[in-house]
Amino acid sequence: MSQQNTMLEAAREGIDAAAGGSLTVIRLQEMQDFYAYMGRELPALIENWRKQYRR
């Protein structure tokens with residue numbers, strides 16, 4: 001399991017265990033959103049860096 005998937009799963013477990021609407025849930029949702037965003041955006045960013053690096 002990748003670190004990203006591990007962090008997403010940890011956030012999900014925390015959200016499921018915490019009281020809805022609490023500051024903890026809000027922060028865990030932000031964490032989950034961040035790792036999901038990075039999972040979508042990072043592959044293209046790495047590829048762009050590789051193209052630039054090869055020049």
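Biologist: Where is the place of Gly 39?
Modeller: This is a predicted model, so what follows describes a prediction. In it, Gly 39 has its place in helix H2.

Biologist: Is Gly 39 buried, partly exposed or exposed?
Modeller: Its relative accessibility is 24%. Buried would need a value under 20%, and exposed one over 50%. Gly 39 therefore counts as partly exposed.

Biologist: How far apart are the C-alpha atoms of Gly 39 and Gln 4?
Modeller: Along the chain, Gly 39 and Gln 4 are 35 residues apart. Gln 4 is in H1 and Gly 39 in H2, and both are listed where these helices meet. Their C-alpha atoms are separated by 7.0 Å.

Biologist: Are H1 and H2 roughly parallel or roughly antiparallel?
Modeller: Helix H1 covers residues 3-17. It packs with H2 at an angle of about 155°, and the axes are 9 Å apart. Angles over 145 degrees fall in one class, which makes H1 and H2 roughly antiparallel.

Biologist: Is the crossing of H1 and H2 left-handed or right-handed?
Modeller: The two helices pack with their axes 9 Å apart. The crossing in which H1 passes H2 is left-handed.

Biologist: How many residues of the contact of H1 with H2 are nonpolar?
Modeller: From H1 the contact includes Met 7, Leu 8 and Ile 15. From H2 it includes Val 25, Leu 28 and Met 31. Five residues of the contact are polar and one is charged. The nonpolar ones number 10.

Biologist: Which residues does Gln 32 touch, leaving out those up to four places away in sequence?
Modeller: Gln 32 sits in helix H2. It is one of the H2 residues that meet H1. With neighbours up to four places away in sequence left out, it touches Leu 8, Ala 11, Arg 12 and Ile 15.

Biologist: Is Gln 32 buried or exposed?
Modeller: The relative accessible area of Gln 32 is 17%. The limit is under 20%. So Gln 32 is buried.

Biologist: How far apart in space are Asp 16 and Arg 27?
Modeller: Asp 16 lies in helix H1. At 55% relative accessibility, it counts as exposed. In sequence, Asp 16 and Arg 27 are 11 residues apart. In space, C-alpha to C-alpha, they are apart by 13 Å.

Biologist: What separates the C-alpha atoms of Thr 24 and Arg 40?
Modeller: Thr 24 belongs to helix H2. It is partly exposed, with a relative accessible area of 46%. Thr 24 and Arg 40 are 16 residues apart along the chain. The separation of their C-alpha atoms is 24 Å.

Biologist: How many aromatic pairs are there?
Modeller: Ring centres must lie within 6.5 Å to pair. By this rule the count is two.

Biologist: What kind of aromatic pair do Phe 34 and Tyr 35 form?
Modeller: The distance is 5.3 Å centre to centre, with 85° between the planes. Phe 34 is partly exposed at 44% relative accessible area. Tyr 35 is partly exposed too, at 22%. Planes over 60 degrees apart set the class, and the pair is edge-to-face.

Biologist: Why is the pair of Trp 49 and Tyr 53 stacked?
Modeller: Trp 49 and Tyr 53 are four residues apart in helix H2 (residues 23-54), so about one helical turn separates them. Trp 49 is exposed, and so is Tyr 53. Their ring centres are 4.8 Å apart. Stacked needs planes under 30 degrees apart, and here the planes are at 15°.

Note on methods. Residues are numbered from 1 along each chain as its sequence is written. This is a predicted model: local features need pLDDT of at least 70, side-chain atom pairs count only at pLDDT 80 or more; totals for chains, interfaces and linings use all residues. Side-chain values use heavy atoms; hydrogens and water are left out. Rings of Phe, Tyr and Trp (its six-membered ring) pair if their centres lie within 6.5 Å; planes under 30 degrees apart count as stacked, over 60 as edge-to-face and the rest as tilted. Buried means under 20% relative accessible area, exposed over 50%, partly exposed in between (1.4 Å probe, protein chains only). Axes are lines fitted to C-alpha atoms, for helices over the stretch in contact, and angles run from 0 to 180 degrees between N-to-C directions. Angles under 35 degrees count as roughly parallel, over 145 as roughly antiparallel, 65 to 115 as roughly perpendicular and the rest as oblique. A crossing is left-handed if the near helix is turned anticlockwise from the far one by less than a right angle, and right-handed if clockwise. Contact means heavy atoms within 4.5 Å. Ala, Val, Leu, Ile, Met, Phe, Trp, Tyr, Cys and Pro count as nonpolar, Asp, Glu, Lys and Arg as charged, and the others, Gly among them, as polar.
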